[in-house]
Amino acid sequence: MTARSDTFDQCLIEIVSPKLIDIVFEFDKSRTYRRFTNEQTVVEIINFQPGQRRLEGKFTVNLGVLSQEDAQLKGVELGKAYPYSCQSQDRIGCVLPASSELLKDVP
């Protein structure tokens with residue numbers, strides 16, 4: 001691990017974790033948070049991926065939703081799935097407006 005990677009992980013623990021834990025996500029210490037539906041048949045996944053090389057200092061948020069049926073078909077344990085295991089998955093940048101659009105009203 002690099003100092004930058006350690007800092008990224010510490011920020012997740014100190015800033016992101018409390019917010020996501022408040023809304024019932026569990027943190028697995030590998031930059032991934034999971035939340036099950038009440039029936040425990042669907043898991044929602046949020047994964048933080050730090051940038052490398054020219055994207056160093058930036059990060060991506062990967063989102064995924066996986067049903068128990070899809071997990072069984074793919075041979076994935078529902079509680080250990082990552083966004084790339086999911087039929088329904090995307091990066092948050094693909095579902096939000098461009099950052100310039102988000103910041104247009106900021107003074």
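1. Asp-28 is partly exposed in this predicted model, at a relative accessible area of 29%. Its salt-bridge partner is Arg-34, with 2.8 Å between the closest N and O atoms. Arg-34, at 6% relative accessibility, counts as buried.

2. Arg-35 pairs with Glu-44 in a salt bridge whose closest N and O atoms are 2.6 Å apart. Here both partners are partly exposed: Arg-35 has a relative accessibility of 26%, and Glu-44 has 28%.

3. The salt-bridge count is three. Another of these pairs is Asp-9 with Arg-31, where the closest N and O atoms lie 2.6 Å apart. Asp-9 sits in helix 1 and Arg-31 in the loop between strand 1 (26-27) and strand 2 (32-36), so this bridge ties together parts 22 residues apart in sequence. Both Asp-9 and Arg-31 are buried.

4. The largest nonpolar core has ten residues, among them Phe-25, Phe-27, Ile-46 and Phe-48. Helix 1 (3-22) and strand 3 (42-50) each contribute at least two residues to this core. Helix 1 gives the largest share, four residues.

5. Phe-48, a member of that core, touches Phe-8, Leu-12, Val-16 and Leu-20, and also Tyr-33, Phe-59, Thr-60 and Val-61, among residues beyond four places away in sequence. Its contacts also include Arg-31, the residue that forms a salt bridge with Asp-9.

How values were computed
Residues numbered from 1 in each chain as written. Predicted model: local features only at pLDDT ≥ 70, side-chain atom pairs only at ≥ 80, totals over all residues. Heavy atoms only, no water. Core = buried A, V, L, I, M, F, W, Y, C linked by side-chain atoms within 4.5 Å. Buried < 20%, exposed > 50% of the residue type's maximum accessible area, 1.4 Å probe, protein only. Contact = heavy atoms within 4.5 Å. Salt bridge = Lys/Arg side-chain N within 4 Å of Asp/Glu carboxyl O.
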